[in-house]
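Subject: The structure I promised you

Hi,

Here is the structure I said I would pass on.

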Amino acid sequence: MMSNHMAFVLASYLSAGIALSGLIAWILLDQRNQLKALRDLEARGVRRRSGFGKDGAA
């Protein structure tokens with residue numbers, strides 16, 4: 001039979017795993033949304049300021 005301490009440790013690891021999984025899912029969904037927004041902006045002709053050429057001209 002499992003001791004109370006072991007049950008606490010397993011519950012803690014399970015909680016941490018669920019929290020980390022949720023954060024990873026949130027990051028991946030946000031990345032997908034940000035890339036879509038960037039593609040939409042570029043399709044409308046809005047360019048990034050970091051997109052300058054070698055001579056400084058856009």
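Below is what turned up, going from the whole chain down to single residues.

Before anything else, keep in mind that this is a predicted model.

Let's start with the overall picture. The secondary structure amounts to 1 helix and 0 strands. That helix, H1, covers residues 4-43. H1 is 40 residues in length and spans 59 Å between its first and last C-alpha, close to the expected 58 Å. Just past the end of H1 you'll find Gly-45, whose phi is positive, at about 100 degrees.

Now for the surface. How much of the protein counts as buried? Out of 58 residues, the share is 0%, where buried means having under 20% relative accessible area. In total the protein exposes about 5,600 Å², and 64% of that comes from carbon and sulfur atoms.

There is also a nonpolar patch on the surface, made up of Leu-20, Leu-23, Ile-24, Trp-26 and Leu-28.

Last, the charged side chains. As a bit of background, side chains of opposite charge can pair when their charged atoms come close. Which residues pair up here? Asp-40 makes a salt bridge with Lys-36, and their closest N and O atoms lie 3.2 Å apart. The count for the model is 1 salt bridge. Why are these two within reach of each other along the chain? Asp-40 and Lys-36 are 4 residues apart in H1, so about one helical turn separates them.

Cheers

Key
Residues are numbered from 1 along each chain as its sequence is written. This is a predicted model: local features need pLDDT of at least 70, side-chain atom pairs count only at pLDDT 80 or more; totals for chains, interfaces and linings use all residues. Side-chain values use heavy atoms; hydrogens and water are left out. A salt bridge is a side-chain nitrogen of Lys or Arg within 4 Å of a carboxyl oxygen of Asp or Glu. Helices (H or I, at least four residues) and strands (E, at least two) are DSSP runs, numbered from the N terminus. Patches are made of residues with over 30% relative accessible area and no salt bridge: like charges are joined within 9 Å, nonpolar side chains (Val, Leu, Ile, Met, Phe, Trp, Tyr) within 5 Å. Accessible areas come from the Shrake-Rupley method with a 1.4 Å probe; for residues, only the protein chains shown count as cover. Buried means under 20% relative accessible area, exposed over 50%, partly exposed in between (1.4 Å probe, protein chains only). The expected span of a helix is 1.5 Å times one less than its number of residues.
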